[in-house]
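This report describes helix packing, sheet architecture and the ligand surroundings in the structure shown below.

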Amino acid sequence: MAGKTVVITGTTSGTGKVAAHTVAELGAKVLVLNRASDRSSAAFNELSSAFPDADLHAVECDLQSFASVKAAAARVGELCTEGVNVLANNAGVMALGDEATGDGFDVQMQTNHLSHFLLTRELMPLLEKAAGASGEARVVNHSSVARMSPSKTLRGEYLEAKGGDFGGDGSGVENMMFRGPRWVRYNQSKLANAAFTAALHQRLQDKGSSVKALVAHPGLANTHLQQTSVKEGGMGSAFTGFFMRFSQSSEDGAMGLISCMCLPEAQSGQFYGPGSSNFAMKGKAEPFALESFYDNPTTRDLLWQKSEEAIGGEFAV
Ligand SMILES: NC(=O)c1ccc[n+]([C@@H]2O[C@H](COP(=O)([O-])OP(=O)(O)OC[C@H]3O[C@@H](n4cnc5c(N)ncnc54)[C@H](OP(=O)(O)O)[C@@H]3O)[C@@H](O)[C@H]2O)c1
């Protein structure tokens, strides 16, 4: 990764933190995009202390706000006139309440997908620039086994500005069993991550671009994600404690993401994770093909059209 510029969202904990430390150790210039908080300052101090000679930059970016994403992209442009080799759209939230962002979208859909769609559009000229100079660049999205459960069908209304009107918060029993409206919203956002990858891959290939689109999932990784969900009422604490016995470490969970970001052999249109089934919770990250339940013309076009409408502008690859 020496000589490469990497932009990654959500590095205060979990897979994003592991990935940021990994690429810094491997010699990349690293820009970490996080919303302002004590967690964000502490994480950047830790990264800087671990790699004092690395070229590291903290850029403020709140994925709940399109204005913040645009400002972050502009800052990346100032800091990376050489281009961007890897954009890792990693940050995410899970099973939050039925809340609207300031832009009016479901908090999970805007954080997990729509803001990353906008960030990718804004940074595409820099990705193309790096691809022109070094032969390739990469956009890496972070999905989940939740892409296929409870539904394998992407529904356009979840990408509309109807935040706060998507079924409420569910019962305690539903939330404990990963069922109910909070989990449908998470499912739709993680399905959107995979569908975005499929749609971006196809558009890049059609244009003969050297920018790759890849997607990863971490299985079940022991990160801060579950702690936030428990705190926000999306998971029961006792059951989560039991369930997390079946998890892998955040380092192992980050291997799909890191493989997509770094492996020379990783190809556009590949998915990396510990297997493609519903039960792929742990194990070695291996490549597999994008799946037909989102990699089809109807879903790719739906994802693109609804995402463009949400960000209020065209994303022409
Ligand atoms: N852990 C798992 O088992 C698992 C399974 C499937 C998929 N995933 C996916 O893996 C990705 C990383 O999650 P993780 O497990 O590493 O969880 P994590 O430890 O909670 O990390 C999530 C990161 O996203 C950031 N984030 C959340 N909301 C944000 C916002 N509005 N603006 C900017 N950053 C924001 C968090 O920052 P703050 O400190 O500001 O909150 C944090 O840095 C997510 O996309 C998640 O859906 C995880």
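## Packing of α6 against α11

In this predicted model, a contact between two helices is formed by Ala192, Ala195, Phe196, Ala198, Ala199 and Gln202 of α6 and by Thr299, Arg300, Leu303 and Trp304 of α11. By class, this contact of α6 with α11 comprises seven nonpolar residues, two polar residues and one charged residue.

The axis of α6 and that of α11 (residues 297-311) come within 9 Å, and their crossing angle is roughly 100 degrees. The two helices, α6 and α11, are therefore roughly perpendicular to each other, since angles of 65 to 115 degrees fall in that class.

## Packing of α4 against α6

Helix α6 (residues 181-206) also packs with α4: their axes come within 8 Å and cross at roughly 15 degrees. Because angles under 35 degrees count as roughly parallel, α4 is roughly parallel to α6. The crossing of these two helices, α4 and α6, is left-handed.

On the α4 side, the contact is made by Gln108, Met109, Asn112, His113 and Phe117. Helix α6 contributes Arg185, Tyr186, Gln188, Ser189, Lys190, Ala192, Asn193 and Phe196. The contact of α4 with α6 contains five nonpolar, six polar and two charged residues.

## The sheet

Eight strands, ordered β3-β2-β1-β4-β5-β6-β7-β8, make up an open sheet with mixed pairing.

Strand β1 (residues 5-9) pairs with β4 (residues 86-89) in the parallel sense, over three bridges. Val6 has Val86 of β4 as its bridge partner. Helix α6 packs on the sheet, where it touches β5 (137-142) and β6 (211-216), and the direction of α6 makes about 160 degrees with that of β6.

## The ligand shell

The ligand is surrounded by 34 residues, the closest being Gly10, Gly14, Gly92, Ser144 and Thr223. Two or more residues of the shell come from each of α1 (14-25), α4 (107-134) and α7 (225-231). With three residues, α1 gives the most to the shell around the ligand.

By class, the shell around the ligand consists of nine nonpolar, 22 polar and three charged residues.

Notes:
Residues numbered from 1 in each chain as written. Predicted model: local features only at pLDDT ≥ 70, side-chain atom pairs only at ≥ 80, totals over all residues. Near = placed C-beta within 6 Å. Helix = DSSP H or I, 4+ residues; strand = E, 2+ residues; numbered from the N terminus. Nonpolar A, V, L, I, M, F, W, Y, C, P; charged D, E, K, R; others polar. Axes fitted to C-alpha atoms, helices over the stretch in contact; angles between N-to-C directions. Parallel < 35°, antiparallel > 145°, perpendicular 65-115°, else oblique. Left-handed = near helix turned anticlockwise from the far one by under 90°. Contact = placed C-beta atoms within 7 Å. Pairing = 2+ DSSP bridges.
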